[in-house]
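Here are some notes for a first look at this structure. Please read them with the model open.

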Amino acid sequence: MAGRSPARFLAPLALVVFALALFIVVSNATKDDSGGGSEQTNQPAGATATPKPGNKNSEGTKKKKAPKTYTVKSGDTPSGIAEKVGVPLEELLQLNPDVDPQALAPGTELKLR
């Protein structure tokens, strides 16, 4: 090994360190984009948000009107529908006892509440 350059051994090590650093930077960037990180606002210190008038629940946030029914589309599954409309799967199945979850047909109307 006499006469070999030390760079020959350090180059692969530098490549691994670079790849690790890149992975860390990219994973932290995706956490911030997906809401996993802390949100920063550009409001001055002491500024507070004032709620706008409208339909509000007890917590002061706007209340959305949930649809009463859902029309099954091609490729829909009971769990996918429950997630899409924000209704627990068990409740969706209880509200629609006459519907076979294994044989959902497109166009079928499901009760949501």
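1. A definition comes first. A patch is made of residues with over 30% relative accessible area and no salt bridge, and nonpolar side chains are joined within 5 Å. Keep in mind that this is a predicted model.

2. Now apply that definition. Leu15, Phe18, Leu22 and Val26 form a nonpolar patch on the surface. Together they have about 410 Å² of accessible area.

3. Look at one member of the patch. Phenylalanine 18 sits in helix 1, which covers residues 7–33. Is phenylalanine 18 buried or exposed? Its relative accessibility is 53%, so phenylalanine 18 counts as exposed. The cut-off for exposed is over 50%.

4. Next, the overall fold. The protein has 3 helices and 2 strands. Along the sequence, their pattern reads α-β-α-α-β.

5. How much of the protein is buried? Of its 113 residues, 12% are buried. Buried here means under 20% relative accessible area.

6. How many cavities of 30 Å³ or more does a search of the whole structure find? The search finds 1. The largest cavity has a volume of about 70 Å³.

7. Which residues line the largest cavity? The lining consists of Pro78, Leu92, Leu93, Asn96, Val99, Asp100, Pro101, Leu104 and Leu110. By type, the lining divides into 7 nonpolar residues, 1 polar and 1 charged. Asp counts as charged, and Asp100 is one of the lining residues.

Note on methods. Residues numbered from 1 in each chain as written. Predicted model: local features only at pLDDT ≥ 70, side-chain atom pairs only at ≥ 80, totals over all residues. Heavy atoms only, no water. 1 Å grid on protein atoms, 1.4 Å probe; cavity = no way out; pocket = protein on both sides within 12 Å on 5 of 7 lines; lining within 4 Å. Points joined across faces, edges and corners; volume = space filled by probe spheres on them. Patch = residues over 30% accessible without salt bridge, like charges linked within 9 Å, V, L, I, M, F, W, Y side chains within 5 Å. Areas by Shrake-Rupley, 256 points an atom, 1.4 Å probe, with all protein chains shown as cover. Salt bridge = Lys/Arg side-chain N within 4 Å of Asp/Glu carboxyl O. Helix = DSSP H or I, 4+ residues; strand = E, 2+ residues; numbered from the N terminus. Buried < 20%, exposed > 50% of the residue type's maximum accessible area, 1.4 Å probe, protein only.
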